[in-house]
Every structure is written in C-alpha cells, then in structure tokens.
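Here are my notes on this one, as numbered points. Have the model open while you read.

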Amino acid sequence: MPPDRDSKIGISDSALGGAQPINGLRHPPGAGTSGWFIWGGSEFSTASDFFKPLHIHHLQERCNAVLPYLALPPGWRFLIAPDYEDVWYDSSLY
C-alpha cells in the first residue's frame with residue numbers, strides 16, 4: 001500500500017538528524033497524509049511539536065533509509081539500525 005509521493009508523514013527532528021534506531025508506525029491514511037510517523041532514537045514524545053509534517057518526496061534527501069518500508073499497510077511498524085531490522089504488525093494502530 002505505497003503512499004502517494006505528495007502525501008505527508010510526521011517525522012521527528014531526531015530522525016532527520018540521523019539518530020538511531022529509526023522507528024516507524026503507520027495509522028490509516030487521512031486527507032493528504034500517509035499515516036506514517038517516524039522518529040529516531042529510543043525516546044518517543046507526546047509533545048505536540050515532536051512530529052513535523054514532511055512530504056514523502058523529500059525523504060530521498062532527508063531520510064532515505066525508511067523508503068523501503070513505506071509500502072507497508074496501516075497497522076505495521078518497523079525499527080531499523082545498522083545491521084538490524086524488525087518489521088511487525090501492531091493491531092492497536094489499525
């Protein structure tokens with residue numbers, strides 16, 4: 001279920017800055033959004049400004065390691081780091 005290149009994700013500054021591991025989870029898509037939320041590091045924040053909107057087509061330059069995972073359908077998560085990959089379904093997301 002690949003998202004449209006012009007849809008948006010929510011991404012943290014830590015992911016854009018290269019923090020490891022990179023975490024991603026996908027909720028059902030909405031108007032103009034892909035449903036993806038991506039953050040770097042082990043800390044997840046509920047602060048209203050933790051995730052910034054970013055069009056998917058900008059990920060090629062900003063955080064291209066996540067691109068292979070974006071076709072996962074809603075309800076899926078991933079965690080990647082150098083020499084590590086985990087992908088699983090989380091029914092609480094969908």
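1. Start with the pair Lys52 and Asp13: they form a salt bridge, with 3.4 Å between the closest N and O atoms. The term here means a side-chain nitrogen of Lys or Arg within 4 Å of a carboxyl oxygen of Asp or Glu. Lys52 sits in strand 4 and Asp13 in helix 1 (residues 13–16), so the bridge ties together parts 39 residues apart in sequence. Helices (H or I, at least four residues) and strands (E, at least two) are DSSP runs, numbered from the N terminus.

2. Before going on, the ground rules. This is a predicted model, where local features need pLDDT of at least 70 and side-chain atom pairs count only at pLDDT 80 or more, while totals for chains, interfaces and linings use all residues. Numbering starts from 1 along each chain as its sequence is written, and side-chain values use heavy atoms, with hydrogens and water left out.

3. Both partners are partly exposed: Lys52 at 30% relative accessibility, Asp13 at 48%. (Buried is under 20% relative accessible area, exposed over 50%, partly exposed in between; 1.4 Å probe, protein chains only.)

4. The whole structure has two salt bridges. In the other pair, Arg77 and Asp90 meet at 3.1 Å, N to O. Asp90 is buried, at 17%.

5. Now the sheet: it is open, with six strands in the order 4-1-3-2-5-6 and mixed pairing. Strands pair if DSSP finds at least two bridges between them. The edges are strand 4 (51–55) and strand 6 (84–89). Strand 4 runs antiparallel to strand 1 (residues 8–12), joined by five bridges.
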